[in-house]
Amino acid sequence: MDVGHVLLLVAAGLAAGVVNAVAGGGSLITFPSLLGAGLPSVDANVTNSVSVFPGYVSSVAGSRADLAGQGRRLAAIVPTSVVGAVAGCALLLGTPARAFEVIVPFLVLGAAATLAFQDRLRALVGHRSADRRGALQVVVFVGAVYGGYFGAALGVMYVAALALVLDETLNRINALKNALSACVGLVTVVVFAFFAPIHWGAVLVVAPATVVGGYVGARVARRLPGRVLKGLIVTFGVTIGMVLLWRAFA
């Protein structure tokens, strides 16, 4: 990598860390940047997954106040996220990507729509969190499979689905999303380190930048009113979905 590539990846890492903490979808910044630095697509995908993981960890640190009191819930869903992430990694390494590339844009747009119309959907399906434990496990598992496979907009999808099945403020749900994203990210790091072509030089450039961006983004997210945070996440989710749709059918 030349100096221009290094500067590109540092800027992308900072921006992705902030976006992941506030809304999710930062991988759509770092992944194209890695392609621009000359990495093949599969190499860029797995390198990207490893690179953004430290940013997820710093997002958890930045949102730890909103994770208070959620320890029991995390203990119940972390094993599910681990299993789902392993399954997603296996899909990436063992199957062609085309079918999933076609489905992903609609999943992302659906997630954004779910969050946008969250209150109306709650009124239709009812909302008693004690009755939603099974739904929570399903949401966590499906999101983890997606995160292990590609991961872009995982945060958007998690926030949308978690907001539907949990009776919590959006800030606390956003913090839970950060913790689940970090869990999925850890699994991808372990699996890809053994079985995938990671470019460690690029990781060493992008990862520290995502740490700084993730911490700053989490602190910013905590100060935003719930309605503003929801608007940002929905807007970013729709944007990501349209970008992925264009990439899938262009």
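Which residue with a positive phi follows α8?

## The end of helix α8

In this predicted model, the residue in question is G151, which comes after α8 and has a positive phi near 95°. Helix α8 itself covers residues 133-149, and its 17 residues should span 24 Å at 1.5 Å a residue, a value that agrees with the 25 Å between its end C-alpha atoms.

## Buried residues of α8

The buried residues of α8 are L136, V139, V140, G143, A144, V145, Y146, G147, G148 and Y149. These buried residues pack against several other helices, namely α3 (41-62), α5 (71-94), α6 (98-116), α9 and α10 (170-195).

## The pairing of α8 with α9

Helix α9 is made of residues 154-165, and α8 packs with α9 at an angle of about 175°, their axes lying 10 Å apart. Because angles over 145 degrees count as roughly antiparallel, α8 and α9 are roughly antiparallel to each other.

On the α8 side, the residues that meet α9 are A135, L136, V139, V140, G143, A144, Y146 and G147, while α9 contributes L154, M157, Y158, A161, L162 and V165. Sorted by class, this contact of α8 with α9 holds twelve nonpolar and two polar residues, with no charged residues.

## L35 in helix α2

Elsewhere in the chain, L35 belongs to helix α2, which runs over residues 27-36, and with a relative accessibility of 34% L35 counts as partly exposed. Leaving aside residues up to four places away in sequence, L35 touches P40, S41 and A44. The C-alpha atom of L35 is separated by 30 Å from that of A175, a residue 140 residues apart from L35 along the chain.

Definitions and conventions
Residues numbered from 1 in each chain as written. Predicted model: local features only at pLDDT ≥ 70, side-chain atom pairs only at ≥ 80, totals over all residues. Heavy atoms only, no water. Axes fitted to C-alpha atoms, helices over the stretch in contact; angles between N-to-C directions. Helix = DSSP H or I, 4+ residues; strand = E, 2+ residues; numbered from the N terminus. Parallel < 35°, antiparallel > 145°, perpendicular 65-115°, else oblique. Contact = heavy atoms within 4.5 Å. Nonpolar A, V, L, I, M, F, W, Y, C, P; charged D, E, K, R; others polar. Buried < 20%, exposed > 50% of the residue type's maximum accessible area, 1.4 Å probe, protein only. Expected span 1.5 Å × (residues − 1).
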